[in-house]
Amino acid sequence: MNESNAWKTVESFLDDRALGYSGGISSPNLAFTHGSRLSPHLAWGTISLRSVFHALDRRIYEIKKSETPTGWLRSLRAFQSRLYWRDHFIQRLEAFPELEVRTLNPAFDKIEYEESDEFLEAWVKGVTGFPMVDACMRCLAETGFLNFRMRAMVVSFACFGLHLSWRKIHQPLANLFLDYEPGIHLSQLQMQAGVIGFNTLRVYSPTKQFMDQDPNGYFVKNWVPELADRSVAEIAKTENMKVKGYASTIVSLSDRSKQMKDRIYTIRKSIEGKKATQQTLKDHGSKKTPSRKKRR
């Protein structure tokens, strides 16, 4: 990984691959191509963020002057937004260096977790019995890469389904990500664990993500060869049905997710929780003001 490779990645993205960025980055299959793949270079410093912005601005200018399809601008603007958010999260760590050991929102600092080493090992190795989760963790271990939506899903599964805290899974994930950037990953861990307070609480269903993002089963069958000969319908049912040769589900996901959501919502609805969340939003929320429609 060097500067020359970084610029080749920038050029291939802005000249070709970025057209499928908007929408494509949600798919674990398409993200390998349509994602920028610049995060490792930015994390390791083989290219600067300012250089990427300059190249992006130049490409947007070219697109506006040409008769190129409007899909280009939509995707490039979406990528531009991600770059802005990247700096926001890195700045958050600078403003709150305790982010590795404390929740950004103090109201959620003492939530009880099970912290099972057995569950942690099964999750890291990709043998939980939930095909989409296992495929993602095995892919991450092999390639060092996973698209954003799938990162959110595996963290959600660990925290809500396995009752592992964001602190417990932080280091194992850091060891796997080729593009590990503390400010970004710690913020995302806490956000997906539901302990920030002012973000929408999202608990991902691995089965729904499989059906939505891997409807033909290419991703799961590639990374979980035990299911290579199974139909999409059979793979979708593994949460409730034992499949010979493949790990059994290690938890009842819906029940355990509800338990953790109840704990979080109890804090969210409390007077102390609301006060802490308002202060956290004031101190660490995005300061970007809503855009106003131009007056005639």
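Where is the place of Asp109? Asp109 sits in the loop between α6 (71-95) and α7 (117-125), where the helices are DSSP runs (H or I, at least four residues) numbered from the N terminus. Before I go on, please keep in mind that this is a predicted model, in which local features need pLDDT of at least 70 and side-chain atom pairs count only at pLDDT 80 or more, while totals for chains, interfaces and linings use all residues. Residues are numbered from 1 along each chain as its sequence is written, and side-chain values use heavy atoms, with hydrogens and water left out.

Let me stay with Asp109 for a moment. Because its relative accessibility is 18%, Asp109 counts as buried, a word that here means under 20% relative accessible area with a 1.4 Å probe and protein chains only. Its side chain reaches the backbone nitrogen of Thr103 at 3.0 Å, and it also makes a polar contact with the side chain of Arg167, at 2.6 Å; a polar contact is a pair of N or O atoms within 3.5 Å, and within protein one must be able to donate a hydrogen and the other to accept it, with residues adjacent in sequence counting only if both atoms are side-chain atoms.

A cavity is a set of points on a 1 Å grid, over the protein atoms alone, where a 1.4 Å probe fits but cannot get out, and lining residues have an atom within 4 Å of a point; the points are joined across faces, edges and corners, and the volume is the space filled by probe spheres set on them.

The largest cavity has a volume of about 70 Å³, and its lining includes Phe130, Pro206 and Glu239. The elements giving two or more residues to that lining are α8, α12 (206-213) and α14, and α12 supplies the largest share, 3 residues.

Finally, the nonpolar core, which is a set of buried Ala, Val, Leu, Ile, Met, Phe, Trp, Tyr and Cys residues joined through side-chain atoms within 4.5 Å. In the largest one, of 55 residues, Trp123, Ile169 and Leu173 touch the most other members, and α9 gives the most to this core, with 9 residues. Apart from it lies another core, of 21 residues, among them Phe13, Val52, Phe53 and Leu76.

How values were computed. Buried means under 20% relative accessible area, exposed over 50%, partly exposed in between (1.4 Å probe, protein chains only). On a 1 Å grid over the protein atoms alone, a cavity is a set of points where a 1.4 Å probe fits but cannot get out, and a pocket is an open set with protein on both sides within 12 Å along at least five of seven lines; lining residues have an atom within 4 Å of a point.
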